[in-house]
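Dear colleague,

Please find the structure below.

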Amino acid sequence: MKKITIIGDIMIEPPVLKAAKRKGGTYDFSGVFQYVQPLLDEADFVVGNLETPLAGKEATYTQHHYAFNAPDEYADAVKNAGFDLISTANNHTFDRGYEGMIRTIKVLDEKGINHAGSYLPGTERPEAFYADIGDIKVAFVVYTYGTNYGGSGGKCLAEGEYEGTLNLLRHQSVSSYLPGVLHEKDWVDKVFKKKNLEARGRIKKKLGMCYTYARSDDRVDPEALEPYMQKMQADIRKAKEKADLVIFYPHAGGQFNLKPGYFTQYVVKKALEAGADAIAASHSHCPQIIRQLDGIPVAYSLGNFNMDPLSSLVLHEHLSEYGLALHLYIENKKVQKVTFSMLKNYGKKRTQVAGYPVDQLHAALPDGKEKTQLEKDVRKLYSTVTGRVMKADEPLIRREYGLF
């Protein structure tokens, strides 16, 4: 039986960058992955979402919590941690423009890191990334709902000479949020408009105001979405002809929202119609429910692999500092068993933010408030992911939790 492990968003927020800097201007990001690496080593194939460009020092590295750029050493750490495939299709793909996207792909190619979702201009766009895992051929189809940068005049950055450079689920100029659902600006936003979101969030938090909130993901216009859905479905169907299994890995969802939005549900429905054998999504920055739809496992959000747990942008009541590792056990060219592991983003001031499997973190923490809170979080997260309450006779802290 072969095991595929899929995790969520691998980001490069300021604390991660700062903690990794060494004398002479070099970086060492091994600490980000050191605690999760043993879990990744248990899998035959590991997939994650690299939610940052590798645009080079000249493009300026990450300076705040919502636009990223990582040193090339970050890719080295990802490779050394054991990732066999990374997605480069997400809302941060164009954080440093076309040039940043292009350089990212070239760096990954130079380092021998497999990637999917964004492609060099002028090259043929493959419908999927194919991997031979034992005697099983698995296809990974990777898409994003859009990016943070729609270009001037609403022009999509992946059009024109860049047509086909990014797998999109909708036009970039169209928000996935419904009008009127976005949080309205308050007096802090207006008075401190020159400060970034993180700084304004800290001010609001100190004043006892709402400093972050769950976003909706509910805008669905079938007619406008149709060409994008057709392209995505065509990729899945073509991959089905070549592979034994097709795994769809989209980047979509309402940020900090515990519930899958209508748009994500619509995309999942279309992917299932096309024949996807498993679906694992990311982007919402908090874990969501994992369901079985018509016998197909669907993880609506795997949450974050790493996100600054001290950030004012984190919605703690929705357990945004946690993420999931989805495990698909494959035998006889079918998904035979599905489990998940819980990962916690853990790091204090001036220390590296790292992803910890909860069993390792629980064993390392001394008895006290932190350990007790971890146990409460695990019980709550179990209910969120499975949709059921953990039984009293079930072990609370586990390496893997069974699903189907």
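How many cavities of 30 Å³ or more does the count come to? The count comes to one. Here a cavity is a set of points, on a 1 Å grid over the protein atoms alone, where a 1.4 Å probe fits but cannot get out. A volume is the space filled by probe spheres set on the points, which are joined across faces, edges and corners.

This is a predicted model, in which local features need pLDDT of at least 70 and side-chain atom pairs count only at pLDDT 80 or more, while totals for chains, interfaces and linings use all residues. Residues are numbered from 1 along each chain as its sequence is written, and side-chain values use heavy atoms, with hydrogens and water left out.

The largest cavity holds about 70 Å³ of space. The lining has four nonpolar, seven polar and no charged residues.

The second largest pocket (an open set with protein on both sides within 12 Å along at least five of seven lines) has a volume of about 530 Å³. Of its 18 lining residues, Pro15, Asp308, Leu310, Lys349 and Arg350 are the closest to its centre. Helix 1 gives the most to this lining, with four residues. By class, the lining has five nonpolar, five polar and eight charged residues; Ala, Val, Leu, Ile, Met, Phe, Trp, Tyr, Cys and Pro count as nonpolar, Asp, Glu, Lys and Arg as charged, and the others, Gly among them, as polar.

Yours sincerely

Terms used. 1 Å grid on protein atoms, 1.4 Å probe; cavity = no way out; pocket = protein on both sides within 12 Å on 5 of 7 lines; lining within 4 Å. Helix = DSSP H or I, 4+ residues; strand = E, 2+ residues; numbered from the N terminus.
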